[in-house]
Amino acid sequence: MQQQDFDYDFLVIGGGSGGVRASRVAAGLGARVAVVEAAQLGGTCVNVGCIPKKLLSHAAHFSQLAEEARGFGWQLEHPQFDWPTLIANKDREIERLNGVYGRMLAGAGITLIHGRAALSGPHSVLVNGQTIHARHILIATGGTPSLPDIPGVEHAISSDEAFHLPHLPRRVVVVGGGYIAVEFASIFNGLGAETTLLHRRQQLLRGFDADLGLHLGQEMAQLGVNFRWEDEIQAIDKQADGLHLQLKSGEQLVVDCVMYATGRVPLIQGLGLEAAGVKVNDKGAIEVDQHFCSNVPSIHAVGDVVDRMALTPVALAEGTVLAHHLFGQGGKSAPDYELVPTAVFSHPQVGTVGLSEEVARERFGAVQVFQSGFRPLTNRMGAEPENVFLKLIVSTADQRVRGVHMVGEGAGELMQGFAVALQCGATKQQFDSTIGIHPTVAEELVTMREPVRE
């Protein structure tokens, strides 16, 4: 096709973080851009992910703060929680953010098309019965929860539905051991539900440093979460008194809600990838190169539909790289995924950047491990004991800090600054020569002198 035959230079399928960022950058570089979205703008993060999750996590943390406050002289008798108020206020904030995204697109001169899109060729997309032609097409449709194929699974929910429950369940089982599972187990437990986390393995947060999952599990149990390890649900039967769960171990549980948090998969069904000749891998993710181009030169993908790192800031970075590659002077490179900081908003929080001890040993052989665990000052007089866990991984040969890990409140905020240090190649000597802020938890990361193992 000739340039004048294209309706748009850039057609983006998906109005989430990666798609909106790519579209705005491309428009700023002079491209004619349209975004196709079938649901609310903002994608997973705004609607059923990061934002509402953290709002609910914040709400759940108040119960713990109320207990801690007693030790500091506050008398808070019989605090009451109202689930409908929380959900209504959460919905109001999400609606505000949906509007913000819409105004950003309009302000950038981007055409917003409401509807479902399907590829009909390397340069064409079918939307609402109309074929739209574009020089470049971006797939940024995100991910969707994955539930097992077991009898009665239709009675279970995923994290998507958890944000819209009409009332707080009295008894909840959360299935899984990843970050979504521990976050929602913490939320339900903190809001007063009898909460069980059921996991087919013995370790939380697979893919993170092993010590983080171990310490987090201990702290969550201390706060009241029940754990059932190395077990699975084989069937769910809905009866008058609740959901009857038949477990692999032979036991049976009766609860009011079962939430699966056993992973998310790329949302690519119905996109017409096969018709356009776009390759996907065995995980159902679109295969892309370092510039996020698929095997079809005009079709691209970023965010959760590619098998890299399903985090909002990563999708933003990927969208920026792609837009500059297509419409700018290039020069933008994909993020260093090993140095992407991340936080798990469980109770307590987990923050991490860099390599785990396991990966560092595989990569560098000789490493030094520094770690510390203690009860922080803010928790010293509270009724709920909670220990902070901190860990540094250093490659012995060059003394560079390769990983910083933490379990404790404020871990997400603290880790952002240490991510800058690792991005700059900070060494253990530079950590040691940095003056700490006293009294804080963060100062411990610049005062650990003796490795616990090498």
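User: Which residues of α6 are buried?
Analyst: Buried means under 20% relative accessible area, exposed means over 50%, and partly exposed is in between, with a 1.4 Å probe and protein chains only. Helices (H or I, at least four residues) and strands (E, at least two) are DSSP runs, numbered from the N terminus. With that in hand, the buried residues of α6 are I180, A181, V182, E183, F184, A185, S186, I187, F188, N189 and G190.

User: What kind of model is this?
Analyst: Residues are numbered from 1 along each chain as its sequence is written, and side-chain values use heavy atoms, leaving out hydrogens and water. Local features need pLDDT of at least 70 and side-chain atom pairs count only at pLDDT 80 or more, while totals for chains, interfaces and linings use all residues, since this is a predicted model.

User: Back to α6: how far apart are its end C-alpha atoms?
Analyst: The expected span of a helix is 1.5 Å times one less than its number of residues. For the 12 residues of α6 that gives 16 Å. The model agrees, with the end C-alpha atoms apart by 16 Å.

User: Why is α6 called largely enclosed by the rest of the structure?
Analyst: Just count the residues that are tucked away. Helix α6 is largely enclosed because, of its 12 residues, the number buried is 11.

User: Which residue just after α6 takes a positive phi?
Analyst: Step just past the end of the helix. The phi there is about 110 degrees, and the residue that takes it is G192.

User: Which residues do ring pairs link into a cluster?
Analyst: Rings of Phe, Tyr and Trp (its six-membered ring) pair if their centres lie within 6.5 Å; planes under 30 degrees apart count as stacked, over 60 as edge-to-face and the rest as tilted. F163 is in the loop between α5 (159-162) and β9 (171-175), F184 is in helix α6, and they are 21 residues apart. The cluster linked by ring pairs is F163, F184 and F188.

User: How many residues apart in sequence are the parts that F10 and F327 tie together?
Analyst: The structure holds 5 aromatic pairs. In the pair of F10 and F327, the ring centres are 5.3 Å apart and the planes are at 65 degrees, so the pair is edge-to-face. F10 counts as buried at 0% relative accessibility, and F327 also counts as buried, at 14%. F10 lies in strand β1 and F327 in helix α9, so the sequence separation of the parts they tie together is 317 residues.

User: In β2, what is the bridge partner of I13?
Analyst: Two strands pair if DSSP finds at least two bridges between them. Strand β1 pairs in the parallel sense with β6 (residues 130-139) over 5 bridges, and with β2 (residues 33-37) over 4 bridges. In β6, V12 has L138 as its bridge partner. In β2, the bridge partner of I13 is V36.

User: Which strands are at the edges of the open sheet of 5 strands?
Analyst: The order is β8-β15-β9-β10-β11, with parallel pairing. β8 pairs with β15 (residues 257-260) over 2 bridges, and I157 stands opposite M259 in β15. The strands that pair on one side only are β8 (157-158) and β11 (226-229).

User: Which residues does UniProt list for "binding site"?
Analyst: The record here is an unreviewed entry. UniProt positions follow the numbering used here, feature names are shortened, and annotations may be inferred rather than shown by experiment.

User: Which residues is K54 in contact with, leaving aside neighbours within four places in sequence?
Analyst: K54 has its place in helix α3 (residues 50-70), and with a relative accessible area of 37% it is partly exposed. Contact means heavy atoms within 4.5 Å. Beyond its sequence neighbours, K54 is in contact with F345 and E413.

User: And which residues does D304 touch, not counting those up to four places away in sequence?
Analyst: D304 is in the loop between β17 (299-301) and α9 (312-327). It is partly exposed, with a relative accessible area of 26%. Its partners are G142, G143, P266, A310 and L311.
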